[in-house]
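Please look over this protein model and its fold. A short report follows the display.

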Amino acid sequence: MKKQVNFTLNGKKVTALVSSSDTLLEVLRNQFHLYGARESCALGLCGVCTLIVSGNPVSGCLYLAPMVDGEEVLTVEGLESEGELHPVQQAFYEKNAFQCGYCTSGMILMAKKLLDENPNPSEEEIKDYMAGNICRCASYKQIIEAINEASKILDTGTNGVKAAYQ
Ligand code: FES
Ligand code: FES
C-alpha cells in the first residue's frame, strides 16, 4: 500500500506516492527525474547518494521515503540560482575536481554543508568532514582545492555570489 508524502523539494512544494520500502533516492530519480544523486554501495558507506534533508546530510540510499513527509530536501540540482552555479559547483568545475563525476553530486552537497558550518576550514578539517564521501577516481587533491576555492569565493563575494548565497 502506498502513502502520500508532502515535502519541499529544492524550494517547491511537492507530493509523491511512496511505498514503505522506497528510498528517497529512488523517489527523486524515478518520480522527479533528478539524477544528480546516484546509488553506488547502497549501504550508507560511500556518500555518492548524499542529499540534504532539513539541513542535514543523509544517505539517500538508506533514507526511507515515507520519512520525508514535511521535510525540506535539497539536491545538487537545487543549488544553482537563476542560471548561476553555486560557488561550490563553480569551484568544482574550475578546479577539475572530478573525473567520471559519479561522486560529484554528493561531494558538492557535503562541501556546501561543510562551508555552511565552517566558512574557512583547514585542510585537515576538510579531510575530516568529507571522510564519508569516497571518490573512486581519487580526485581528492582537486576536491580539496575546490573546497578551498569555494571558501574564498564565498568569503570575498567574487562575481557577487556572496550576497546571493548567504
Ligand atoms: S550509495 Fe548511499 S552511501 Fe553509498
Ligand atoms: S570523480 Fe569518479 S568517483 Fe569521483
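## Two domains

The C-alpha centres of domain 1 and domain 2 lie 21 Å apart in this predicted model. The domain assignment places domain 1 at residues 3-78. Domain 2 covers 87-165. The two are in contact: domain 1 contributes 17 residues, and domain 2 contributes 14 residues.

## Overall fold

The protein has 6 helices and 5 strands. Read from the N terminus, the order of elements is β-β-α-β-β-β-α-α-α-α-α.

The C-alpha trace spans about 50 × 35 × 25 Å along its principal axes. The radius of gyration is 16 Å. A compact globule of 166 residues would come near 15 Å, so the value for the protein agrees with that of a globule.

Contacts can also be sorted by sequence separation. Take those between residues at least 6 apart in sequence: 57% of them join residues at least 24 apart.

## Surface, burial and charge

Of the 166 residues in the protein, 46% are buried.

The protein carries 14 positive and 20 negative side chains. The centres of these two sets lie 3 Å apart.

Thr23 sits in the loop between strand 2 (12-18) and helix 1. Is Thr23 buried or exposed? Its relative accessibility is 8%, so Thr23 counts as buried, the cut-off being under 20%.

Which residues does Thr23 touch, beyond its neighbours within four places in sequence? The contacts are Gly60, Cys61, Tyr63, Leu64 and Ala65.

## Helix 2 and Met107

Helix 2 spans residues 87-94. Its buried residues include Pro87, Val88, Gln89, Ala91 and Phe92. Phe92 is also among the contacts of Met107.

Met107 belongs to helix 3, residues 104-117. Met107 has a relative accessible area of 1%, and is therefore buried. Leaving out residues up to four places away in sequence, Met107 touches Phe92, Met130, Asn133, Ile134, Cys135, Tyr140 and Ile143.

His86 gives a reference point for Met107. The two are 21 residues apart in sequence. In space they are 13 Å apart, C-alpha to C-alpha.

## Positive phi angles

Most residues other than glycine have a negative phi. Several residues here deserve a look on that account.

Ala42 is not a glycine, yet its phi is positive, about 60 degrees. Ala42 lies in the loop between helix 1 (24-32) and strand 3 (50-53). How accessible is Ala42? Ala42 is partly exposed, with a relative accessible area of 31%.

Glu82 is not a glycine either, and has a positive phi of about 50 degrees. Glu82 is in the loop between strand 5 (72-74) and helix 2 (87-94). With a relative accessible area of 81%, Glu82 is exposed, since the cut-off is over 50%. Asn96 follows helix 2, and its phi is positive too, near 50 degrees.

Terms used. Residues are numbered from 1 along each chain as its sequence is written. Chains are lettered from A and ligands numbered from 1 in the order in which they are written. This is a predicted model: local features need pLDDT of at least 70, side-chain atom pairs count only at pLDDT 80 or more; totals for chains, interfaces and linings use all residues. Side-chain values use heavy atoms; hydrogens and water are left out. Helices (H or I, at least four residues) and strands (E, at least two) are DSSP runs, numbered from the N terminus. Buried means under 20% relative accessible area, exposed over 50%, partly exposed in between (1.4 Å probe, protein chains only). The radius of gyration is taken over C-alpha atoms; the globule rule is 2.2 Å times the number of residues to the power 0.38. Contact means heavy atoms within 4.5 Å. Lys and Arg count as positive and Asp and Glu as negative; His and the chain ends are not counted. The place of a charge is taken as NZ of Lys, CZ of Arg, CG of Asp or CD of Glu. Domain bounds come from an automatic or database domain assignment.
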